[in-house]
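Open the model in your viewer and keep the selection tool at hand. We will go from one stop to the next.

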Amino acid sequence: MLWPLSTRHKRLFKLTSARWQRQAIFLLGGICVGAIAVALAQLADLAQHAFGLLLAKSRYAVLAVTPLGFVLSAYLTIRLFPNAQGSGIPQAIAARHLTDQRARESLVSMRIAIGKVILTLFGLLCGGSVGREGPTVQVGASIMFALGRVSPRRQPGLILAGAAAGVAAAFNTPLAGIVFGIEEMSRAFETRTSSLIIAAVIAAGLTSLALAGNYAYFGSSAMSLARGPDWLAVPLCGVAGGLAGGLFSRIVITMARGGKNSLGRAIKGHPLWFAFACGLAVAICGLVSGDTIYGTGYDQVKTALEHGSPLPQDFGVLKLLATAFAAISGIPGGIFAPSLAVGAGIGSNIASFFHDAPLGAIMLLGMVSYFAGVVQAPITAFVIVTEMTDNHGMVVPLMAAALIAHVTSRMICEEGIYHALAKGFVERATHPQDAKAPPASN
């Protein structure tokens, strides 16, 4: 004979069911994010390979392909996929701070995720100095948002988990994904959702491992600073990377906020012409660099680290300029990988003053310094570089360089680029009547 459930047991059953449903959403979302991250990585490689074939036929074709590609990408973003421009991380941060579901959906949705993937690949196909990792964060947040529509109260935690899973799967760096979620996305440790976020990161990481195998993003490296004088490179890289990263952030933030002068009004009123000019500038940087600054910069940096060969002297500066032009143009594309490439170029330049020091070690210092200077998230910076190179012998100097770069960057730019840009998205989502035209960049 079946006894009827008491009110207490019914309530317990309902709570347990809701808890399992919530856990299933996080795990399923993590698996989806991991699969999308692997697919985007492989497609990004194909896009860059296709662009390389174009360069092999005529390197001057970029003077037409890149600016026209930027115009088409900016047009599609404005007309079909608004709020898909730039890296996507500011949008994910802004979505966490919003409470209105419709406002959140304007920043993270499956429509935006589809546009983000397509247009990021298109940006790489036409030579943009953009990355795929930031877009993976917005795509991950969008997937979690879509899966979590049944539990609106959990949306901030789901968006955070999707973003963290995106970083973990994109770089194969699970620890960095968790740290990124805490330090950059939320700026706090949330006990209630921490275990679910870790579960999502694990699910995304295992999916990535199953599909792409276990690998270190920039390969394994055992190089370290052996001699006492070599440690002078730590403050040098920290200051140089912090200054350059702060300057980059200041430029992008200023352009995103627009100006009330005639130039600012002209850019806001003619976004497609501005995108054309930025694309042309990227093409010119590419020609001057000898075709080395297009795309993510991953191949150039990995080759330099593996073979201990210096990057061209102008690589860091030209890569910074090309990334800045791409970032302010209004096309979708991240700054994660390009920033690491810029930092590697800075480190390679500084290494010329330390003839007996291992080149790769100083390049790593440059990478962590510039990245920390841009995002002003020093813990994420040194954790992600450590995991991407599987080099734990450099943890202490990387930590020191990241902290120095963070302090130096704040002298030029008061706030990290992602959070500064996120404020603009929050304002436009809450006061749409004040944003009749799309921003020039993000």
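**The whole chain**

Start with everything shown. Among contacts between residues at least 6 apart in sequence, 82% join residues at least 24 apart. This is a predicted model. Colour by secondary structure: the chain has 19 helices and zero strands. Now think about cover. Of the 442 residues, 56% count as buried. The chain exposes about 18700 Å², and carbon and sulfur atoms supply 66% of that area.

In soluble globular proteins, nonpolar side chains tend to be buried together. Look for that here. Select F248, I362, L365, I384 and I417. These residues have the most contacts inside the largest nonpolar core, which has 116 residues. Next, select residues 359–375. This is helix α16, and it gives the most to this core, with 13 residues.

Zoom in on I417. Which residues does I417 touch, not counting residues up to four places away in sequence? They are F248, S249, V252, I253, I335, V374 and V375.

Then move to F26, L160, A161 and A164. They are among the eleven residues of a second, separate core.

**The loop between α12 and α13**

Select residues 271–289 for α12 and 298–307 for α13; the loop between them holds T292. Is T292 buried or exposed? T292 counts as buried, because its relative accessibility is 17% and the cut-off for buried is under 20%. Show its neighbours: T292 touches G286, Q300 and F315, not counting residues up to four places away in sequence.

**An aromatic pair**

The whole structure has four aromatic pairs. Select F51 and Y294 to see one of them. Their ring centres are 4.9 Å apart and their planes are at 70°, so the pair is edge-to-face. F51 lies in helix α1 (residues 7–57), while Y294 is in the loop between α12 and α13, so the pair ties together parts that are 243 residues apart in sequence. Both F51 and Y294 are buried.

**Salt bridges**

Side chains of opposite charge can pair when their charged atoms come close. A search of the whole structure finds four salt bridges. Visit three of them.

- Select D291 and R59. Their closest N and O atoms are 3.0 Å apart. D291 sits in the loop between α12 and α13, and R59 in the loop between α1 and α2 (62–79), so this pair ties together parts that are 232 residues apart in sequence. D291 is partly exposed, with a relative accessible area of 23%. R59 also counts as partly exposed, at 26%.
- Select E133 and R132. Here the closest N and O atoms are 3.8 Å apart. E133 is buried, and so is R132.
- Select E415 and K423. The closest N and O atoms of this salt bridge are 3.0 Å apart. E415 is partly exposed at 23%, and K423 is partly exposed at 43%.

Select Y60, L63, L280, I284 and V288. Together they make a nonpolar surface patch of about 450 Å². Which helix gives the most to this patch? The answer is α12, with three residues.

Finish on I284, which has its place in helix α12. I284 is partly exposed, with a relative accessible area of 42%.

Definitions and conventions
Residues are numbered from 1 along each chain as its sequence is written. This is a predicted model: local features need pLDDT of at least 70, side-chain atom pairs count only at pLDDT 80 or more; totals for chains, interfaces and linings use all residues. Side-chain values use heavy atoms; hydrogens and water are left out. A nonpolar core is a set of buried Ala, Val, Leu, Ile, Met, Phe, Trp, Tyr and Cys residues joined through side-chain atoms within 4.5 Å. Buried means under 20% relative accessible area, exposed over 50%, partly exposed in between (1.4 Å probe, protein chains only). Helices (H or I, at least four residues) and strands (E, at least two) are DSSP runs, numbered from the N terminus. Contact means heavy atoms within 4.5 Å. Patches are made of residues with over 30% relative accessible area and no salt bridge: like charges are joined within 9 Å, nonpolar side chains (Val, Leu, Ile, Met, Phe, Trp, Tyr) within 5 Å. Accessible areas come from the Shrake-Rupley method with a 1.4 Å probe; for residues, only the protein chains shown count as cover. A salt bridge is a side-chain nitrogen of Lys or Arg within 4 Å of a carboxyl oxygen of Asp or Glu. Rings of Phe, Tyr and Trp (its six-membered ring) pair if their centres lie within 6.5 Å; planes under 30 degrees apart count as stacked, over 60 as edge-to-face and the rest as tilted.
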